[in-house]
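These are my notebook entries on the structure shown below. I record what I looked up, topic by topic.

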Amino acid sequence: MITRDDIAHLARLSRLALSDEELDHLAPQLDQIISAVAQVQEVAAEGIPPTSHATGLANVFRDDEPRPCLTPEQALRGAPAVELQRFKVPRILVEEG
Amino acid sequence: MGRELTRKTATELAAAVTAGDVSAVEVAQAHLDQIAAVDDRVRAFLHVATGEALAQARAVDEKRARGESLGPLAGVPVAVKDLFATAGLPTTCGSKILSGWVPPYESTITARLRAADAVVLGKTNMDEFAMGSSTENSGYGPSHNPWDLDKVPGGSSGGSAAAVAAFEAPLSLGTDTGGSIRQPAAVCGIVGTKPTYGGSSRYGVVAFASSLDTPGPFGRNVRDTALLHQVMSGHDPMDATSINAPVPPVVEAAAHGDVSGMTIGVVSELAGDGYQSGVMSRFAEAVEVLQGLGAKVVEVSCPHFKYALPAYYLIAPSEVSSNLARFDGMRYGLRAGTGSAEEVMAATRAAGFGAEAKRRIMLGTYALSSGYYDAYYGKAQQVRTLIIRDFEAAFSQVDVLVSPATPTTAFDIGERADDPMAMYLADLCTIPSNLAGNAALSVPVGLAPENGLPVGLQVMAPPLADDRLYRVAAAVEAAFDSRRGHPLLDEAKGLGA
């Protein structure tokens with residue numbers, strides 16, 4: 001059983017600032033979904049290799065050749081805030097109180 | 001003349017523009033007029049690129065006037081799902097978090113369409129980041145099914161399917177991660193294909209679940225769909241998962257719908273409880289038609305298919321939780337809240353994502369967390385191997401597999417909107433091919449007698465045998481069209497007669 005506290009913890013790990021109403025709504029739904037997907041545990045799969053990707057391709061390289069790329073103006077055009085030709089973001093390090 | 005042009009096939013339009021019987025501008029204008037006439041009811045488009053489409057059409061006409069040869073989609077309008085990056089045109093993925101974002105670069109597939117002289121009409125509505133089966137998870141409201149405006153057009157590529165079914169575009173682009181092309185094609189009565197994984201480039205296609213996402217075509221008939229499939233496909237060095245192999249001969253296969261001597265397997269697991277009676281009766285009729293055309297039909301068991309849905313709902317959300325981490329309000333898109341970067345990220349994501357995106361991000365975070373990884377994500381990856389083995393065993397006996405494309409016809413808008421498990425069942429038949437990476441399509445096989453809504457036949461083929469899909473679909477289409485005497489879409493009355 002997934003509790004409301006578990007969901008609140010997952011929301012924090014997922015960087016989702018959910019309201020109390022959202023947590024109340026999502027918690028029982030996620031509990032129902034997780035119980036349903038847990039069916040995979042019935043499958044006898046000992047010794048079966050996992051598949052992460054269906055093509056079987058691995059280590060695909062292309063030649064390391066310089067070529068045109070986005071200009072700084074193009075790269076920054078969608079940015080919420082820009083300063084000195086850089087993405088401007090809120091402070092990342094917070095002093096522990 | 002406008003209505004006449006919108007009723008033509010893509011193949012006819014390309015030929016007419018190439019011959020100079022009609023201009024690309026006239027073709028584009030006819031479709032823009034149809035959008036203006038019906039899209040307030042269908043709501044297939046999030047953005048109609050009127051100016052750009054007409055400019056592109058003019059460029060095609062000028063190219064012809066200069067005596068240059070035109071590409072295979074000369075002047076053919078195409079509607080593009082709103083998760084293909086289109087330089088200069090908004091790309092929202094149906095999400096408020098990307099409201100107003102204009103990509104600085106172009107996806108490989110839309111670039112190939114433009115190089116083939118197609119005209120991009122605009123961007124179509126979808127479930128947010130392609131997660132859903134109805135377009136109800138769009139941040140911009142649902143699209144409506146042209147057969148019955150109170151029904152969903154399917155999803156996630158529901159806008160692209162509805163646009164083609166409503167004659168707003170002869171062709172459109174979608175993506176299929178768990179059925180997001182085949183399911184909307186089925187419930188809108190059109191053709192839609194999920195190519196072999198790696199057969200169509202993901203470069204510039206906003207990622208949902210990278211190991212499953214497959215761009216593909218929609219059309220009103222098999223031949224048009226094959227034409228778009230051919231143009232959009234092929235190796236792309238910009239996508240490391242792109243297969244370096246020739247495109248299967250899909251156009252040729254679509255022109256020769258001959259199934260005599262083919263062995264066709266009916267998957268016994270894709271039937272039973274939860275399948276609507278009218279879907280099953282149309283499916284059975286399609287199988288009889290194939291038998292009548294000389295195919296040998298056998299029943300095939302794929303015992304692990306019943307675990308495909310739970311495995312998918314572990315694998316896809318796990319990949320989502322990672323892929324959607326980039327939407328954090330730092331470099332593009334919405335930024336909300338105040339305080340530290342972490343607080344701004346959490347506030348931005350809470351404000352920008354809808355309920356289904358949040359559910360799946362948290363589900364994936366759970367499945368990947370330490371202590372649960374082996375029991376959930378790890379086990380799902382093993383089930384994926386077993387499903388691939390089921391397909392391999394089946395394809396050692398048969399050329400293609402068939403099933404209904406969806407368990408039911410189109411459902412009511414609102415009916416499953418807040419019941420995620422009920423919504424997930426819409427992709428019951430389509431998910432196995434995503435997990436295995438093989439090719440599959442849906443082709444219309446008539447209407448369910450109980451409600452007069454379209455039913456799709458799913459055809460599945462081994463990886464890189466996409467041409468077999470078109471051979472079977474062309475045979476089915478020809479048989480049903482000649483029996484009926486007119487194309488199925490002539491019976492769609494959601495927009496009036």
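Which residue with a positive phi follows helix 8 of chain B? I found Gly234(B) there, with phi near 115°. I note that the model is a predicted one.

**Entry 1: helix 8 of chain B**

I then looked up burial along this helix, which spans residues 222-232. Eleven of its eleven residues are buried, so helix 8 of chain B is largely enclosed by the rest of the structure. I listed the buried residues as Val222(B), Arg223(B), Asp224(B), Thr225(B), Ala226(B), Leu227(B), Leu228(B), His229(B), Gln230(B), Val231(B) and Met232(B).

I examined strand 5 of chain B, residues 191-194. Val191(B) and Thr193(B) point one way, while Gly192(B) and Lys194(B) point the other way. I recorded all of them as buried.

I next asked which strands pair with strand 5 of chain B. One is strand 6 of chain B (residues 214-219), which runs antiparallel to strand 5 and is joined to it by two bridges. Within strand 6 of chain B, Gly219(B) is the bridge partner of Val191(B). Another is strand 10 of chain B (residues 439-447), which is also paired in the antiparallel sense, over three bridges. Here I found Ala440(B) of strand 10 opposite Lys194(B).

**Entry 2: helices 3 and 4 of chain B**

I looked up how helix 3 (residues 24-42) packs with helix 4 (residues 50-65) in chain B. The angle is about 155° and the axes are 7 Å apart. Angles over 145 degrees count as roughly antiparallel, and I therefore describe helix 3 and helix 4 of chain B in that way. Their crossing is right-handed.

For the contact itself, helix 3 of chain B supplies Ala24(B), Val25(B), Val27(B), Ala28(B) and Leu32(B).

**Entry 3: chain A against chain B**

Finally, I turned to the contact between the chains. I found 46 residues of chain A in contact with 55 residues of chain B. On the side of chain A, the elements giving two or more residues are helix 1 (4-13), helix 2 (20-37) and helix 3 (72-76). Helix 2 of chain A gives the largest share, eight residues.

Technical notes
Residues are numbered from 1 along each chain as its sequence is written. Chains are lettered from A and ligands numbered from 1 in the order in which they are written. This is a predicted model: local features need pLDDT of at least 70, side-chain atom pairs count only at pLDDT 80 or more; totals for chains, interfaces and linings use all residues. Axes are lines fitted to C-alpha atoms, for helices over the stretch in contact, and angles run from 0 to 180 degrees between N-to-C directions. Helices (H or I, at least four residues) and strands (E, at least two) are DSSP runs, numbered from the N terminus. Angles under 35 degrees count as roughly parallel, over 145 as roughly antiparallel, 65 to 115 as roughly perpendicular and the rest as oblique. A crossing is left-handed if the near helix is turned anticlockwise from the far one by less than a right angle, and right-handed if clockwise. Two residues are in contact if their C-beta atoms, placed from the backbone, lie within 7 Å. A residue is buried if 20 or more other C-beta atoms lie within 10 Å of its own, exposed if 12 or fewer, and partly exposed in between; C-beta atoms are placed from the backbone. Two strands pair if DSSP finds at least two bridges between them.
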